[in-house]
Amino acid sequence: MNSVVMPLAVIVGVLFVLTTVSAGLIWLERRLLALWQDRYGPNRVGPFGLLQVLADMIKIFSKEDWIPPFADKPVFVLAPTIIMVTAFMTFAVIPFTPGIEVADLDIGVLFFLAMSALGVYSVVLAGWASDSKYSLLGAMRAAAQMLSYEVFMGLSLMGVVMLAGSFNMRDIVEAQRGLWFCIPQFPGMVLFFIAGVAETNRLPFDLPESENELVAGFHTEYSGIKFGMFFVGEYLGITLISVLIATLFFGGWLGPVFPPAVWFFLKTFCFICLFILLRASYPRPRYDQLMSLGWKVMLPLALLNLVITGGIILIKG
Amino acid sequence: MNIIQELQGKFGKAAAMLQETRDGIPTLWTTQDKVCDVLKYLKTDTDRPYRMLYDLTAIDERVRGSRQGQPDSDFSIVYHLLSFERNEDIRIKAPLKGERPSTPTIMGLWRSANWYEREIWDMFGIHIEGHPNLRRILMPTTWKGHPLRKEHPARRTELGKFTLPVEEDEREESALQFRPEDWGLGRNRDGTDFMFLNLGPHHTGTHGILRIVLELDGEEIVNAILDIGFHHRAAEKMGERQSWHTYIPYTDRIDYLAGVLNEFPYVLAVEKLAGIDIPDRAKVIRIMLSELFRIQSHLVWLGTFAQDLGQLSPVFFTFTDREQVFRIIEAICGFRMHPAWFRIGGVACDLPKGWDELVKEFLHYLPGRLDEYERIVMQNRIIKGRTRGVGVLALDEAIEWGVTGPNLRACGLEWDFRKKRPYSGYDQFEFDIPTAAEGDSYARAVVRMQELRQSLRIVEQCMRNMPAGPYKSSHPLATPPLKGQTMFAIETLIAHFLSVSWGPVIPAGEAAFSTEAAKGGNTYYLVSDGNTMSYRTRIRTPSFPHLQIIPEMSRGLEVADLIAILGSIDYIMGDVDR
C-alpha cells in the first residue's frame, strides 16, 4: 500500500510545486527586473502584486484557442506540449532531499541530456508548423544554437561524473560531502551555466525569440494557452537548470543547520535570480558570433577541462 | 570671381539669371535643357565644388502673384546644393511649362536624387524623364491626384463624403502586396529561391511605421526595399493653409521627439522674410530650450539603440532621465513634447521664477548618469561586437547621399551648422563638435554620446549668462504683438487687432534657414506671396536622406545587423514622411 501511495504523492507534490514555482517566477522576474530598472513592476493585484500571476492565468486560460489557418495543425498543437513534458520528465531524476525523489535512476545525468535534446524539437517544430517567415527564422536559429550548445553542455558535466564516479544524481550529491564540485569543477560549472542559458533561450542567448528582430521568433503565431505553455516551459527550463547547478556543483541538499529542503530551495533560488539578472544586464550577440563562441571557445574549453580533470584523477590514482 | 559670375560666364546670362532672395543664398534661374550641365559643372568642374545635393523640390507657380524678375513658368524645380569647402549654398531653379510638365532626372549626378524626384512626381505630378522607378513615394499607390498642386484641396471635406466599400478595401490591401518584379528583383539566384521578408510597417525594430521588404538568402540580406509614407500628414500642404503664426505647432510634430528644434528653423526663416531682429534674451532662451530638446532626443535614441541590440534596461534609465529634462521644459513652456513655444520675433513668454534652480539640478544630475551609460552600453563587448564595422559609410558616400548631422560627423567630417554658420548667437558659446572616423554604427553612437555632454555645456553657459531684457521683439510683425501699449496707443491697438485676427502679413519673398537639429540639417524653405499664409513651405528634414542609404549599408549583412543600423541612424518617421 505504502509503496504505491508514497511515490504517487511525491510525483503529484513535485508537479504541483514545480507548476506553482514556475508560475511564481513570472511574478518574481517582473518584480526583480522592475527593481533593477527603476520602476515598480506589477504591484496592484493582491499583496505585492502576487496575485498578478493568477490574473494572468485566468486571462490566458479564457482566451480563444486560435490556430492560424495556414499552420500545420497537429504539429502546431503538439509543439508546446513537448517543452512542458520534457522539462517535467527531467525533474524525475532530481533528488530534492534525501527522501524526496521520483526515480533513483543510475543514468540520471544522461537522462537529463536526452530530455534536453528532445526539448529542442519543441522549438523547431513550433517554428516549422507555424508556416510563418519570422517563426521559421527563429526555429532555424534555435536548431543551430541548441544543437551546438548541447555538445559542450554534455562535455561540461563529464568532469563531475568522473569525480563522483557515477551518473546517478544522488551519488553525485553524496560525493560532494567533503567539497562541493563548484571548486574542483569551476570551469565545468561556468560552461554548464552558459550552455544552460542557451538551452533555455534566455538573454543573452535568446536569439530564437529576439523580439527586436523576429517579432517573437518561433512562437510569433502562438496565442492563448499554447503560448502560455511556451511561457511556463521557459520558466520550467530556468528552474531546471538552476536545480541542476545546485545539485551537480553546489552539493544539492547538503548544508549545515537548516533542513535539506531549505538548502536546496535557497541554492536554486540564487541561480534563478542570476538568470533574471543576466536578462536585465546583457545585450544580444549576433547569430554568427553566438555560433563561433560555442564552437571555437566553449567546446575546446570543455574538452580541456575534461582532459585536465582526467589527468588529475589518474595521477591521484 | 564669385560663383554667379563664373556660371554666367560659362553658360551665358540667359542660362544663369540671378533672382533676389531674402536669405542671401545665390539663386540662379537656368533653362530646362541646360540644368543638367549647370549642376554637373557645380558638382565636379568648379573648384571647391558643391558636392552635396542638400534638397530638391518644386514649386507650383501658377497662382503666385509677385514674381518680378523671374522667368515665366507654371512650375519651377529647385535644386539646393551645398559646398563644404566654400561653406556656401547655391540654389538652381529651372522653369517648367504646361499643366503636366516633365524634367530630366539627375540621378546620374546624385544617386540621392532618387527619392526626391519620386517625391516631386508624387506631390506635383511633374514627370521625371529617365527615372528608373518613378512611382509614388509618400502617398499610397492608389491615390488620385498630386497633393501639392494648387488645385488639390487642402481639406479632406472638400473631396466629398468618404466611403470605403469592401472592394475598395481589398484593392487598397492588394496594392500593398509586394511584387519583386516591380522593383527589378529576381526571385532566385543560382537555383536558390530568395525569401522575401516583410519587416514592418509594424515591427519592434523599425521605430515607427516604416516598411522594409528584405530579399533574403538565409539570413543574409541580398537587397532591401524601403516603403515609406505611412506617417505622411501633408505638413507642407498645411503650411499653405495655416497662418504664419498658427503653423508653429505643426512644426513640432515633424520630428516629434525634438519639439522646438523644429520650430527653430521655421521661425528663423519667417523672421528673415519679415526682417525682424531678435532681442538677446530671446536668443539665449531659444538656444537653451533647443539644447534641452537635443539632450532629450539623444536620450531616447540611446535607450532604443541599446534596446535594439537586445539590452533591456537602458531604455528605462534614459526615459527616467528624459523625465528630468521634461520637468524643466514643462516648467518653462507648460508643455512637454510639443511645446509650440517659439514665436515669430521671440518666444511665448518669459522664463518662470526658479528656472535656473531646475537647470542647475539637472546639470548636476545627468553627467553621472552618462558615465554609467558609457560603462553599461558603450563599453559592453557584445554591443561593440554588434556595431563595430557594421553599416560602414564612407565620407564620400555620405556626402553623395546628403547625410548630415551626427551621422556625417561619424564619417570624419567636422560639420555642424551651429559652428559653421552660427545662428541665433551660437558663436557666443564654447562647445566642441565631436567627430569619429570609422563611419560605422559604433562611431555614430560615440558621436551622439559626446554630443550629449556638449549640449550640457551649452545649457550651462545659457544658465550662467542669461541676458536681461525683453523676450520678444517690438517689431510690428512679431506675433502675437507685445500688449503693453495696446490700451494707450491707437496704432498699436490696430496692429495688435490685425495681427491677432488675421495673423501677420509677411512681405513677399523667399528665404530658407538651415539649423542643426538633433538628427542633422533641418531646413525650412518658405515662399511668401505677401499674404497671411505661406505660398509654399518646403521642409527639408535630415531623416529623409538618411533612410535612403539603408539598402546600401545593409547589403550582404544579416537581419540582426539591419536592426543595429536602424538603431544607430536615429531617424524618426514623422521626420521622414512629414
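Biologist: How many helices and strands does chain A have?

Modeller: Chain A has 11 helices and zero strands. Helices are DSSP runs of H or I with at least four residues, strands are runs of E with at least two, and both are numbered from the N terminus. Read along the sequence, the pattern is α-α-α-α-α-α-α-α-α-α-α. The radius of gyration of chain A is 20 Å, close to the 20 Å from the globule rule for 317 residues, so chain A is as compact as a globular protein of that length. That radius is taken over C-alpha atoms, and the rule is 2.2 Å times the number of residues to the power 0.38.

Biologist: What should I know about the source?

Modeller: This is a predicted model: local features need pLDDT of at least 70, side-chain atom pairs count only at pLDDT 80 or more, and totals for chains, interfaces and linings use all residues. Residues are numbered from 1 along each chain as its sequence is written, while chains are lettered from A and ligands numbered from 1 in the order in which they are written.

Biologist: What share of chain A is buried?

Modeller: Count C-beta atoms, placed from the backbone: a residue is buried with 20 or more others within 10 Å of its own, exposed with 12 or fewer, and partly exposed in between. In chain A, 44% of the 317 residues are buried. The C-alpha trace of chain A spans about 65 × 50 × 45 Å along its principal axes.

Biologist: How do I check a helix, say α5 of chain A?

Modeller: An α-helix has 3.6 residues a turn, so residues three or four places apart point the same way. For length, the expected span is 1.5 Å times one less than the number of residues. Helix α5 of chain A (residues 133-164) has 32 residues and should span 46 Å; its end C-alpha atoms are 46 Å apart, which agrees.

Biologist: Where is the kink in α5(A) centred?

Modeller: On Met158(A), with a kink of about 25 degrees. The bend at a residue is the angle between axes fitted to the seven residues ending there and the seven starting there. After α5(A) comes Gly165(A), with a positive phi near 70 degrees.

Biologist: How many residues does each chain bring to the contact?

Modeller: Two residues are in contact if their C-beta atoms, placed from the backbone, lie within 7 Å. Chain B gives 27 residues and chain A gives 23. On the chain B side, the elements that each supply at least two residues include β10 (195-199) and α8 (280-308).

Biologist: Is Val403(B) buried or exposed?

Modeller: Buried, because Val403(B) has 28 C-beta neighbours inside 10 Å. Val403(B) sits in the loop between α12 (395-400) and α13 (406-409) of chain B. Beyond four places in sequence, Val403(B) touches several residues, among them Leu393(B), Pro545(B) and Ile549(B).

Biologist: And Asn223(B)?

Modeller: Asn223(B) lies in strand β12 (residues 220-227) of chain B. Asn223(B) has 19 C-beta neighbours inside 10 Å and counts as partly exposed. Leaving aside neighbours within four places in sequence, its contacts include Glu215(B) and Arg555(B).

Biologist: How do β16(B) and β17(B) pair?

Modeller: Two strands pair if DSSP finds at least two bridges between them. Strand β16 (residues 521-528) of chain B and β17(B) pair in the antiparallel sense over six bridges. Val527(B) stands opposite Arg536(B) in β17(B). Five residues lie between the strands of this hairpin, and Gly530(B) takes a positive phi near 70 degrees. In β17 (residues 534-540) of chain B, seven of the seven residues are buried, so the strand is largely enclosed by the rest of the structure.
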